Amino acid sequence: MDEKIFKQLKEEYDTMQTNYQLQIDLHREKAVRKCFNKGYLIDILPFEHELHGYKLRKKPLQRMVMENDCFAYYFNAEDKICLVEKANTFLKNIDDYTLYDYSENCLYKCECQQSGVINVNKYLLENGKVVEGYTYAKFGHSHEQYVYSEGRLEKIVYTHFDHQQETRNSWENHFYYNKNEKLKLIQRVCDNGYVVNNYADIKLNYKKLEAFLYEACKEKIELFFNNHVTEKIETMALRLWIDDLEPILDINFRISGDKEIPIAEWTYSSSATINIIDVPLDSAQQDKLVPIVYAVLIKLIDDGILHKDIKLKVFYHDEQEIGLEKRAIQKMVKGREKFFN
């Protein structure tokens with residue numbers, strides 16, 4: 001991280017505040033063509049718009065329409081975007097501007113509104129790839145480090161400061177791809193362990209997920225019971241490995257006579273494994289999954305798959321047992337408490 005670049009950007013920020021309208025006009029004048037689009041058309045920086053949850057789409061317009069998500073793209077003589085204008089439905093005019101300038105190993109970006117400059121940015125390139133980013137705004141400045149693996153962007157590491165450098169926040173955005181090398185997920189990972197999916201090429205259907213888990217659990221449980229007809233099965237536990245890159249559910253059993261030792265050391269410590277989904281789940285999705293698992297257990301009880309003498313437990317990984325404290329789970333379990341005591 002180069003502190004000199006932040007000083008340079010502060011000077012540019014101050015200068016832009018006095019002449020940003022002129023710079024917008026100059027960028028328009030140097031454009032050789034323009035097009036209009038409904039939604040974001042292209043990324044200039046790596047996954048610039050996907051990072052904020054948007055998908056690129058090509059929906060050409062004949063003219064600028066003063067509605068949200070309508071854009072005008074201006075291209076310079078090198079066919080690079082030099083200016084992007086965004087309409088505002090409420091104001092019925094253009095209110096957001098993004099200016100781009102290019103040099104051999106740098107990309108400059110400035111975001112403005114009619115009321116003033118929002119931020120100025122400088123990105124450093126190596127072999128055509130962005131490797132560092134510097135941003136200066138009114139209340140703070142930040143640094144971005146781009147990390148690649150086998151030619152693909154693996155993560156961006158962010159560090160944010162206030163201008164007195166007394167406050168520092170950091171987080172990372174991680175990128176995941178499918179077998180065809182197409183982006184399928186961007187996940188933000190915070191210092192406190194909280195994660196959120198900024199962008200996903202798939203949408204989690206919780207009803208279908210519940211139905212899938214029910215059928216998968218039913219199949220695994222019946223198979224285990226059929227293979228142990230002469231033994232008394234005392235306890236079944238579901239272990240949720242839902243903060244893994246590819247979340248899974250383990251089904252475990254304790255047979256009568258097993259020693260009371262940690263769940264991972266049960267006689268059948270990994271009787272069955274079910275792949276829940278092939279992308280990481282964010283914190284909110286993980287929270288939604290727990291009641292679904294209990295709903296699956298209740299249906300297995302009601303359908304007679306799990307008999308009355310068996311005890312049921314749900315764990316995060318090996319040690320942390322998930323209790324019945326949540327009201328939604330209490331409602332589901334009501335009348336069937338004997339299975340969970």
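Predicted model: local features only at pLDDT ≥ 70, side-chain atom pairs only at ≥ 80, totals over all residues.
The largest nonpolar core comprises 46 residues, among which Ile221, Met236, Ile251 and Leu306 touch the most other members. Two or more residues are contributed by each of helix H2 (206-227), strand E14 (233-241), strand E15 (248-255), strand E16 (268-275), helix H3 (283-302), strand E17 (311-316) and helix H4 (327-333). The greatest contribution comes from H3, which supplies 10 residues. In soluble globular proteins, nonpolar side chains tend to be buried together.

Helix H3 consists of 20 residues and spans 30 Å between its first and last C-alpha, close to the 28 Å expected at 1.5 Å a residue. Of these 20 residues, 14 are buried, so H3 is largely enclosed by the rest of the structure.

Two of the strand pairings involve E17. Strands E14 and E17 run parallel and are joined by 6 bridges. Within this part of the structure, Leu240 is found opposite Tyr316 of E17. The pairing of E17 with strand E18 (residues 320-321) is antiparallel and rests on 2 bridges. Here Phe315 has Glu321, in E18, as its bridge partner.

Aromatic pairs number 11 in the structure. One of them is formed by Phe47 and Tyr177, with a centre-to-centre distance of 6.4 Å and an angle of 50° between the planes, and is classed as tilted. This pair connects distant parts of the chain, the two residues being 130 residues apart. Phe47 belongs to the loop between strand E1 (33-38) and strand E2 (60-61), whereas Tyr177 is in strand E11 (residues 168-177). Tyr177 has a relative accessible area of 14%, and therefore counts as buried. Elsewhere among the aromatic residues, Tyr40, Tyr54, Phe71 and Tyr73 make up one cluster.

Charged side chains also lie over aromatic rings. Arg188 is placed over the face of Trp171, 4.3 Å from the ring centre. For Lys299, the charged end sits over the ring of Tyr214, at 5.0 Å from its centre.

Definitions and conventions
Residues numbered from 1 in each chain as written. Heavy atoms only, no water. Phe/Tyr/Trp six-rings, centres within 6.5 Å; stacked < 30°, edge-to-face > 60°. Helix = DSSP H or I, 4+ residues; strand = E, 2+ residues; numbered from the N terminus. Buried < 20%, exposed > 50% of the residue type's maximum accessible area, 1.4 Å probe, protein only. Lys NZ or Arg CZ within 6 Å of the ring centre and 35° of its normal. Core = buried A, V, L, I, M, F, W, Y, C linked by side-chain atoms within 4.5 Å. Expected span 1.5 Å × (residues − 1). Pairing = 2+ DSSP bridges.
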